[in-house]
Amino acid sequence: MTQHEDENALSMGIQPYAEGERGPAQSLAQKLIARAAGLTSVAVGDIVTCQVDLAMFHDSSGPRRLKPMLEELNAEIWDKSKVVLVMDHYVPERDDAARKIVKIARDWAREQDLPHVYDSQGICHVVVPRHGHIQPGMFCVGGDSHSPTGGAFGAYMFGIGSTEMLGVVVTGKIWLRVPQTIAMNWSGHLSAGVCAKDMMLAMIAHFGMNGANYQAVEFVGDAVTALSMQERMTLCNMSAELGAQTGLIAADRSTRQWLKRPGDVADQTSDTGSFDVEHHFDASTLSPQLAAPHSPANGVPIADHSTTKIDVAYIGACTGAKLDDLRFAAQVLNGKKIASGVQLLVAPASLQDLAEAKAEGILQSLLDAGATLLPSGCGACAGYGSHFADGQTIISTTARNFKGRMGPASTQVYLASSYTVAASAMRGCITDPREVLM
Amino acid sequence: MNPQWQETWNKVWHVGDDVDTDALAPGAFMQHGIDVIAQHCLENLLPHFARDVKPGDIIVAGRNFGIGSSREQAVAALRHLGVAAVIAPSYGGLFFRNAFNLGLLLITSPDTGLLQNQELLARISPGLEPVFMPEKKVKKAPTPDFLLDLVRAGGLVNQLKHSLKPKDQK
């Protein structure tokens, strides 16, 4: 895209500010973009070219698509230290087609001598930050739509397709239209049995699947500050379902602790008056949420579905099977049994989450309740190979319940938090977790 | 598949709001090549689309066309089938970027309601403008020139072939 840089520079309106002079109010998103574009400030609508600090891709979006295109261009990776490859979509390999795809990834990783490869360690959006690759202030892209997860660490991160990833991998750069910042301000405290997934499902139901219109969303307010890092990741992750380019949470003390960063690093935050839109929500009045088939935006009251029987309760995915999600499920199921005829499937988001769940005794609680443990990976959520049977009703902690995604078109998938999925497994029908969390 | 403009009139296919990437490139077929994925493109909405669509045909869609995944097979399937352009009031953001990167023309128009005629024919002019028969005038949001250049180049890979500096190459 080099031929456009000059045009872009003209349209960017570069304006350096003298000492002591204040520039226009900048949101966190604008500050992160401006830094990556080498500018003092950016305005909404500017088209800028950003230098990429981290490019993440997986076995499905990465090598099998990038390798042939790189060969066609006779080009090389711009900076291998800034590339992370995660094998998570087709592992463990279910058939020959999957074996072929994963082999391409493994062979290419060796051939290219990539320094950062995580093979069958869990889902990229969880594994990559857990290994410290995403730090506050960075500008990152990922070959997966749930890449905004990285925004939980005060970084600008968004998903791109494989061809665009090729452009990044070859040039280290990407264009961007500076988005508006939509603030989601959550005050109050979440009640017992209510979590970040419920906040997100409520926002998606309220604004719709593309409600954020590819702008940047920033989550602010006391209820957000109070969230653990994993819960913050759940919010940012499902910014994708809001249709945002990214979801952001400014780094703070919790972020630094989680990343083991020194305390004297100044946290970047949005300037007063820099939000283009601000919406207010009260966490204290939020109840457990449910999205009915076939859209994450199809929010319905749980009470209206209390007679809906389920066949499978699925706790999996980057948005629904981190340690905190497993803890929530165990709170519900500790010392209890799941209903007969119901399958409870648990696929921890990463091997680290699995190990910690074991160490805390959570995994044993879930297994004692009747759960079946599945491998850590994208599994049924990605729907790569149909998982669920014709006509089955599933309640799931995953991100999307599009028709035909997780099974045949007749599969009915409801989305909810791991509290709600666990409570529903226990009763055999869709259940408000507050009824069983006594 | 280039050039994407035509002199002949082509069929217009109509779909509604919120057509997602799983409808365009179903996950169950993602392990296969684009030839297989394309055969299942939109099968849940338009059962005979893959069989009957002809190169140069145009899709008129509702809001939020292409929401969901980053999988660019959602675009590649349409390109593979020869779809010349999509006209919709809004798109999934990832799909929008992917489309231009693969050389698929997206036209953003709030007026797709005026195009709800099952007999409507259309073609894309050399200036990458949609032309309809019977004639319809629709408002269009501007598309930056560098995105239209991507369409003319046939996508980013073709464009990179011409623009890569020697130092980036082996």
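Which elements of chain A and chain B do the buried residues of α6(B) pack against? They pack against β1 (47–51) and β7 (173–177) of chain A, together with α5 (93–101), β4 (105–108) and α7 (156–163) of chain B. Keep in mind as you look around that this is a predicted model.

- Five strands of chain A form an open sheet with parallel pairing, in the order β4-β3-β2-β5-β6.
- The edges are taken by β4 (117–119) and β6 (156–159) of chain A; each has a single partner strand, so one side of each is left without a neighbour in the sheet.
- From one strand to the next, the twist averages 15°.
- Strand β5 (residues 139–142) of chain A runs parallel to β6(A), and 4 bridges join the two.
- If you want a residue to look for here, V141(A) stands opposite F158(A) in β6(A).
- Helix α6 (residues 162–171) of chain A packs on the sheet, where it touches β2 (54–58) and β5 of chain A. The direction of α6(A) makes about 140° with that of β2(A).

**Helix α6 of chain B**

- This helix covers residues 145–153 of chain B, and its buried residues include F146(B), L147(B), L148(B), L150(B) and V151(B).
- The packing partners of those buried residues come from both chains, with β1 and β7 from chain A and α5, β4 and α7 from chain B.
- After α6(B) comes G154(B), which has a positive phi, near 85°.

**Where chain A meets chain B**

- On the chain A side, 51 residues are in contact with 40 residues of chain B.
- About 3,900 Å² of area is buried between the two chains, and carbon and sulfur atoms give 54% of that area.
- The interface of chain A and chain B holds 4 salt bridges, along with 16 residue pairs in polar contact.
- At least two residues each of the side of chain A that touches chain B are supplied by α3 (63–73), α4 (96–112), β6, α6 and β7 of chain A.
- The largest share of that side comes from α6(A), with 7 residues.

**Salt bridges**

- Over all chains, the whole structure has 29 salt bridges.
- One of them pairs R65(A) with E72(B), with the closest N and O atoms 3.1 Å apart. This pair crosses between chains, from helix α3 of chain A to the loop between β2 (58–60) and α4 (73–80) of chain B.
- Is E72(B) buried or exposed? E72(B) has a relative accessible area of 0%, so it counts as buried.
- Within chain A, the side chains of E435(A) and R427(A) meet in a salt bridge at 2.8 Å, N to O. Both ends are partly exposed, with relative accessible areas of 46% for E435(A) and 40% for R427(A).
- Within chain B, R51(B) forms a salt bridge with D52(B), and the closest N and O atoms are 2.8 Å apart. R51(B) counts as exposed at 60% relative accessibility, whereas D52(B) is partly exposed at 29%.
- There is also a network in chain A, in which salt bridges that share partners join E93(A), R106(A) and D119(A).

Definitions and conventions: Residues are numbered from 1 along each chain as its sequence is written. Chains are lettered from A and ligands numbered from 1 in the order in which they are written. This is a predicted model: local features need pLDDT of at least 70, side-chain atom pairs count only at pLDDT 80 or more; totals for chains, interfaces and linings use all residues. Side-chain values use heavy atoms; hydrogens and water are left out. Two strands pair if DSSP finds at least two bridges between them. Axes are lines fitted to C-alpha atoms, for helices over the stretch in contact, and angles run from 0 to 180 degrees between N-to-C directions. Contact means heavy atoms within 4.5 Å. Buried means under 20% relative accessible area, exposed over 50%, partly exposed in between (1.4 Å probe, protein chains only). Buried area is the accessible area (1.4 Å probe) that two parts lose on being put together, summed over both. A polar contact is a pair of N or O atoms within 3.5 Å; within protein, one must be able to donate a hydrogen and the other to accept it, and residues adjacent in sequence count only if both atoms are side-chain atoms.
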